[in-house]
Amino acid sequence: PKGTKVRLRFTVMLDKIETIEGEGEVVRVVKPGGKQKSGMGIVFTKLTQYSKELIEQIITRKPKRKAVILSSKK
């Protein structure tokens, strides 16, 4: 339910697999059966310093894109 305090621990793939840890609070809940996809929103309330640095890397990194070769036909 909204307002629930949670402990968070999940992995993300950056240059290698990393773990983000901390605490959060449920701020939004969407129940199944409605027009929106079900799920919840959690706001971080307390993170380890390392986890903060990982999140900053995720937010600021540029996506890796494959080169696309375009050719023109005449």
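Biologist: In which helix is Ser51 found?

Modeller: Ser51 is found in helix H1, which covers residues 49-60. Helices (H or I, at least four residues) and strands (E, at least two) are DSSP runs, numbered from the N terminus. Please note that this is a predicted model, in which local features need pLDDT of at least 70 and side-chain atom pairs count only at pLDDT 80 or more, while totals for chains, interfaces and linings use all residues. Residues are numbered from 1 along each chain as its sequence is written, and side-chain values use heavy atoms, with hydrogens and water left out.

Biologist: Is Ser51 buried or exposed?

Modeller: Buried means under 20% relative accessible area, exposed over 50%, and partly exposed in between, with a 1.4 Å probe and protein chains only. Ser51 has a relative accessible area of 1%, so this residue is buried.

Biologist: Which residues does Ser51 touch, not counting those up to four places away in sequence?

Modeller: A contact means heavy atoms within 4.5 Å. By that rule, Ser51 touches Thr19, Ile20 and Glu21.

Biologist: In what order do the elements of the chain run?

Modeller: The chain has one helix and three strands, and from the N terminus on the order is β-β-β-α.

Biologist: How many bridges join strand S1 to strand S2?

Modeller: Two strands pair if DSSP finds at least two bridges between them. Here nine bridges join S1 (residues 5-13) to S2 (residues 17-30), and these strands run antiparallel. A hairpin of three residues links S1 to S2, and Arg9 stands opposite Glu21 in S2. Glu21 is also one of the residues that Ser51 touches.

Biologist: Which way do S2 and strand S3 run?

Modeller: S2 and S3 (residues 39-47) run antiparallel, joined by eight bridges. In this pair, Gly22 stands opposite Leu47 in S3.

Biologist: What percentage of the residues of the chain count as buried?

Modeller: Of the 74 residues of the chain, 19% count as buried.
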